[in-house]
Amino acid sequence: MEITNVSEYQEIAKQKLPKMVYDYYASGAEDQWTLHENRFAFTKILFRPRILIDVSKIDMTTTVLGFKISMPIMIAPTAMQKMAHPEGEYATARAASAAGTIMTLSSWATSSVEEVASTGPGIRFFQLYVYKDRNVVAQLVRRAERAGFKAIALTVDTPRLGRREADIKNRFTLPPFLTLKNFEGLDLGKMDKADDSGLASYVAGQIDRSLSWKDVKWLQTITTLPILVKGVLTAEDARIAVEAGAAGIIVSNHGARQLDYVPATIMALEEVVKAAQGRVPVFLDGGVRRGTDVFKALALGASGIFIGRPVVFSLAAEGEAGVRKVLSMLREEFELTMALSGCRSLKEITRDHIVTEWDSPHPRPAPRL
């Protein structure tokens with residue numbers, strides 16, 4: 001069967017992967033309300049396309065933290081990609097590089113920063129979890145710097161792991177032939193079997209619950225890399241992030257895997273964008289499956305978007321070729337949406353190109369009798 005959209009990869013991944021692995025990638029926290037909402041909320045935004053504009057040439061290029069990329073569609077950090085495919089993060093890195101975009105490598109990758117760097121050139125960011133042992137953190141950040149990574153995406157919504165019931169039922173743990181490669185030499189690369197989720201037990205043992213804004217400052221003392229704060233959902237925290245020296249904000253609810261009943265990221269986006277006041281770029285992570293979703297995010301003020309699950313599902317289905325196809329389908333759909341909306345460059349995408357369910361209704365002239 002020919003794949004014609006990104007979402008179709010999920011069913012293929014479900015058929016191919018062991019249940020424990022598929023459930024780990026696919027599920028959300030508790031009732032999974034936010035998981036559903038991350039997708040559904042995009043249906044509450046409609047287009048106001050402009051017509052009769054010359055759209056024979058469309059430019060989707062943009063810059064992120066000074067790095068030029070081919071399109072505002074980037075790869076979010078997703079953990080343990082070798083569970084999806086033997087080439088794991090190597091394949092994802094090559095696909096991102098071929099598409100001319102940014103890959104974010106997870107702290108909990110099954111390939112190390114050095115291994116991913118060895119796949120060849122590419123703009124890569126490193127997602128960071130802060131461990132209780134700060135020496136581990138400092139060492140990891142230095143390794144990412146040396147391996148040529150260009151920014152740190154600091155995950156700030158995980159002092160504890162969300163309650164993911166599928167992982168509890170499945171007694172989720174990293175398969176024995178894999179390790180969390182970045183921590184292998186520190187004896188932190190293995191995950192023990194537990195009475196619930198092995199990952200939840202690992203997080204409880206290793207991740208620092210005391211993480212606070214002062215640590216964002218501390219991070220700036222140990223690295224010159226720009227720091228993106230990933231996991232902001234409110235105007236209040238957006239303002240503090242800017243004051244704390246963040247180079248950018250990623251509006252994220254961790255793929256709906258942490259606190260259930262937080263809003264969809266597309267619903268939280270505009271509040272965060274307004275609070276940032278243009279002082280730092282704001283990115284959207286979560287729920288994007290179509291080029292139309294990308295356009296909606298940019299119309300609400302995002303500088304770009306990150307995709308997570310589509311990467312692991314396409315990786316499971318077709319390896320590197322699958323990830324390449326996801327990036328190319330989203331690119332083509334986004335380009336088409338721009339053309340049909342009358343936008344020739346990203347700066348031409350405005351708030352006036354959409355109407356949302358939460359907008360006050362546009363006043364209509366009274367009908368002539």
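Is aspartate 215 buried or exposed, and at what relative accessibility? At 8% relative accessibility, aspartate 215 counts as buried. Buried means under 20% relative accessible area, exposed means over 50%, and partly exposed lies in between (1.4 Å probe, protein chains only).

1. Basis of the note. This is a predicted model: local features need pLDDT of at least 70, side-chain atom pairs count only at pLDDT 80 or more, and totals for chains, interfaces and linings use all residues. Residues are numbered from 1 along each chain as its sequence is written, and side-chain values use heavy atoms, with hydrogens and water left out.

2. Arginine 134 and aspartate 215. These two side chains meet in a salt bridge, at 2.7 Å from N to O. Arginine 134 lies in helix H6 (residues 134-146) and aspartate 215 in helix H9 (residues 213-222), so the pair ties together parts that are 81 residues apart in sequence. A salt bridge here is a side-chain nitrogen of Lys or Arg within 4 Å of a carboxyl oxygen of Asp or Glu. Helices (H or I, at least four residues) and strands (E, at least two) are DSSP runs, numbered from the N terminus. Arginine 134 also lies over the face of tryptophan 218, at 5.4 Å from the ring centre. A charge sits over a ring if NZ of Lys or CZ of Arg is within 6 Å of the ring centre and within 35 degrees of the ring normal. Lysine 296 lies over the face of phenylalanine 47, at 5.4 Å from the ring centre.

3. Other salt bridges. The count comes to 17 salt bridges. One of them joins the side chains of lysine 44 and glutamate 37, at 2.9 Å from N to O. Lysine 44 is buried, with a relative accessible area of 16%. Glutamate 37 is buried too, with a relative accessible area of 7%. Elsewhere, a network of salt bridges links Glu87, Arg94, Glu320 and Arg324.

4. Helix H11. H11 covers residues 265-276. At 1.5 Å a residue, its 12 residues should span 16 Å, and its end C-alpha atoms are 16 Å apart, which agrees. The expected span is 1.5 Å times one less than the number of residues. Nine of the 12 residues of H11 are buried, so the helix is largely enclosed by the rest of the structure. Among the buried residues are Ile266, Leu269, Glu270 and Val273. Glutamine 277 follows H11, and its phi is positive, near 55 degrees.

5. The side chains of glutamate 270 and arginine 351 meet in a salt bridge, at 2.7 Å from N to O. Glutamate 270 lies in helix H11 and arginine 351 in the loop between helix H13 (309-341) and strand S12 (354-356), so the pair ties together parts that are 81 residues apart in sequence. Glutamate 270 is buried, with a relative accessible area of 14%. Arginine 351 is partly exposed, at 24%.

6. Aromatic pairs. The count comes to 11 aromatic pairs. The rings of tryptophan 33 and tyrosine 261 have their centres 5.5 Å apart and their planes at 15 degrees, so the pair is stacked. Tryptophan 33 is in helix H3 (residues 33-40) and tyrosine 261 in the loop between strand S9 (248-251) and H11, 228 residues apart. Tyrosine 131 and phenylalanine 183 are also stacked, at 4.5 Å centre to centre and 25 degrees between the planes. Tyrosine 131 is buried, with a relative accessible area of 1%. Phenylalanine 183 counts as buried at 1%. Ring pairs link Trp108, Tyr129, Tyr131, Phe183 and Tyr202 into a cluster. Rings of Phe, Tyr and Trp (its six-membered ring) pair if their centres lie within 6.5 Å; planes under 30 degrees apart count as stacked, over 60 as edge-to-face and the rest as tilted.

7. The largest pocket has a volume of about 480 Å³. It is lined by 26 residues, of which Val156, Asp157, Thr158, Pro159 and Gly231 lie nearest its centre. H9 supplies the largest share of that lining, three residues. The structure holds one cavity of 30 Å³ or more. The largest cavity has a volume of about 410 Å³. Of the 27 residues that line the largest cavity, the closest to its centre are Pro77, Thr78, His254, Gly255 and Arg257. H13 gives the most to the lining of the largest cavity, with three residues. On a 1 Å grid over the protein atoms alone, a cavity is a set of points where a 1.4 Å probe fits but cannot get out, and a pocket is an open set with protein on both sides within 12 Å along at least five of seven lines; lining residues have an atom within 4 Å of a point. Grid points are joined across faces, edges and corners, and a volume is the space filled by probe spheres set on the points.
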